[in-house]
Amino acid sequence: MNILSHDAPRGWRLRVVLVAVVTALALAPFLFPGAKAIGVAEKICVMALLAASYDLLLGYAGIVSFAHVMFFGMGSYGVGLALYGLGPSWGAIVLGAAAGLGLGTLLALIIGLLSLRVQAIFFSMVTLAIAYAVNVLASQLSSITGGEDGRSFQIPDVLKPGFKLGEFVGVAVNGRTLAYYLVFFVCAALFLALLRIVNSPFGRVLQAIRENPFRAEALGYQTVVHRTLATCLSAAGAAAAGALNAVWLRYVGPDTALSSSIQIDVLVIVVIGGMGTLYGAVIGAAFFVIAENYLQALIGKLSVSAGELALPLLAQVLHPDRWLMWLGLVFILAVYFAPTGIVGQLRAKD
Amino acid sequence: MSAADTGAALPRAKIEWLPALTPLLVALLVAPFVGSFSTFATLTLAGLAMGMMIFTMASGLTLAFGLMDVLNFGHGAFIAFGAYIATLVALPLTGWAQSDSLALNFAAFLLALAAAAAVSAVLGYAFERVLIVPAYGQHLKQILITIGGSIVIEQLLYALFGPAPIPISPPAAFRGSFTFGEIALEKYRALAMMVGLIIFVGQLLVLNRTKLGLLIRAGVENREMVEALGYRIDRLFIGVFMASAALAGLGGALWSFYRGQVQASMGAELLVLVFIVIIIGGLGSVGGCFIASILVALIANYAGFLAPKLALVSNILAMVLVLLWRPRGLYPLSGR
């Protein structure tokens, strides 16, 4: 189990669920052909990576960041603007991803050094403020970022639906399939890298700092350095997820790359999946994205029926736009009654 | 806690003056760039008034943190909630607000503010009992749970009042401006400044000059000791949290009259501003919060006039500079 950094998921239920999710994702283009299903699978991969990198901060280091989506957006905008400006080439993708990653990591370093010196709680507030400012900037600097409209761009032909490769088990294999596998394999590789990080001595120190910062410091570990480094690693992971997502969507804009609702989604995924275990991010992301894409529509139908029954308030509350409220409620319940999340529940029943 | 606290005769705390003078320094620094004196004075007065409104909102948050060690990410939702309550009260009273009688104008305005504060305090009570009580002493859990609470409140506001902004205007007597020669000051801003100042002085007096304030401060220092002396500290703390929520609601009401509209998303925007203020001021410090509110509002006003492009990030820049100079803010509470 070296590839899992000797941190195999404990508990047979957890293993079964994980194997099912990963197999489904690995074979998604063939198991679930169709544009929507594959889009859902792609989003699960990206959200899993995004949530896993967030969990490095939230679950392992015990600090709450509100700028995680900002780093995601930097990766997205890096790739998006590079492809928009330089035309569709692999060079542009690499250059853009590197720029987004570099900028994100640098900013994470600055934020960390600035705000983690005092108290982890400072960090939460500073990241909230800075993420808000970056969001506003991205909308305002429309000559560069395309403003609210964002930018649509071309990607290399190999990744486009028009690039036909023939058929496999009755399903047409095209550039879109290749793009999906690009996302899937990069996400998987980065996930394993994160798993390696949290199981390294560095990861252990992070957990020690989370449990008792004073004691960790007394043992000679510099809390600021460790926390800041965790912030940088987490930012890099988020930026990579953003870059992949931009390539997949062929579009980058505030709604898909910087919106604060993505930040809430990530928070919910990590908490529902289970903080402090990266597998929670995968299961949480799968659970969440599927619920968002299929359950939300169902609730919307309930809202319409409530409207027909002349229950306006119920119709309002069940309206698809109020999805966030239900997330908030589930989130609160999860924090109180299932702090170990789905992973904890699956393990406990063993 | 620290060695200094146990000395026989408590030495009087040394007051550092430089942080308190930062707003003045900024004003003096900017003055030559603005050019005309009247413009500068107008900007400064407007900034002071805005600062007082921000202070009203921010002091609630800093109070709850300083006294109860609770950082409430739901504060923004309270602000928006208070603004809606003020609107609900102000709309039926439009007749009073439009009349020529100054007394009726005042009555409509004060009723709206009082209702906003009172109902927000009730919401704060429920919020504290249901969400915060199980999370005392655990920062991570507090942050998560208050975020969850704020999402639910904000979405309920959307569900109840719809996403479109609701227009609201101050009573007739407070529209228009006072002019002193070339210098102009909107009447409403003058009024908001008064309200903010009253709240600041009131807070200082209650905390430093009453038995209630003494008990609260003692409870912060050593909770068990105060309980052993027979005081119900948990009730005291609920009161502090309700006061914090009331201040948020009051500030939200003041702000919405000033902006002329109410919408649910205002909470999230103002929460960012309020966070910047209490980071600059030093978490938990009422005095620092006061200075920081003025500083932030002045900088925002000057930047809006001199370099509108920069205005969006001027607050963040101010925060970064202050943190580089004093990593814990202008007036940090000792011991935390």
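This is a predicted model: local features need pLDDT of at least 70, side-chain atom pairs count only at pLDDT 80 or more; totals for chains, interfaces and linings use all residues.
Two residues are in contact if their C-beta atoms, placed from the backbone, lie within 7 Å.

Among contacts in chain B between residues at least 6 apart in sequence, 76% join residues at least 24 apart. The chain holds 13 helices and four strands, and its C-alpha trace spans about 55 × 50 × 35 Å along the principal axes. Because a compact globule of 336 residues would have a radius of gyration near 20 Å, the 20 Å of chain B agrees with that expectation.

Next, bring chain A back into view and select the residues at which the two chains meet. Here 33 residues of chain A are in contact with 29 residues of chain B. On the side of chain A that touches chain B, the elements giving two or more residues are helix H5 (90-115), H6, helix H13 (260-273), helix H15 (312-318) and helix H16 (323-337) of chain A. Of these, H6(A) gives the most, with 13 residues. By class, this side of chain A has 25 nonpolar, six polar and two charged residues.

Now select residues 120-140 of chain A, which form helix H6. From its first C-alpha to its last, this helix of 21 residues reaches 31 Å, close to the 30 Å expected at 1.5 Å a residue. H6(A) is mostly covered, with 17 of its 21 residues buried.

From there, move to H13(A) together with helix H17 (residues 341-348) of chain A, whose axes come within 3 Å and cross at roughly 10 degrees. Since angles under 35 degrees count as roughly parallel, H13(A) is roughly parallel to H17(A). To see the contact itself, select Val271(A), Ile272(A) and Gly273(A) in H13(A), which meet Gly341(A), Ile342(A) and Val343(A) in H17(A). The residues of this contact divide into four nonpolar, two polar and no charged.

As a last stop, select Leu27(A), which is placed in the loop between helix H1 (12-26) and helix H2 (28-31) of chain A. Is Leu27(A) buried or exposed? With 12 other C-beta atoms within 10 Å, Leu27(A) is exposed, because a residue counts as exposed if 12 or fewer lie within that distance.

Definitions and conventions:
Residues are numbered from 1 along each chain as its sequence is written. Chains are lettered from A and ligands numbered from 1 in the order in which they are written. The expected span of a helix is 1.5 Å times one less than its number of residues. A residue is buried if 20 or more other C-beta atoms lie within 10 Å of its own, exposed if 12 or fewer, and partly exposed in between; C-beta atoms are placed from the backbone. Ala, Val, Leu, Ile, Met, Phe, Trp, Tyr, Cys and Pro count as nonpolar, Asp, Glu, Lys and Arg as charged, and the others, Gly among them, as polar. The radius of gyration is taken over C-alpha atoms; the globule rule is 2.2 Å times the number of residues to the power 0.38. Axes are lines fitted to C-alpha atoms, for helices over the stretch in contact, and angles run from 0 to 180 degrees between N-to-C directions. Angles under 35 degrees count as roughly parallel, over 145 as roughly antiparallel, 65 to 115 as roughly perpendicular and the rest as oblique.
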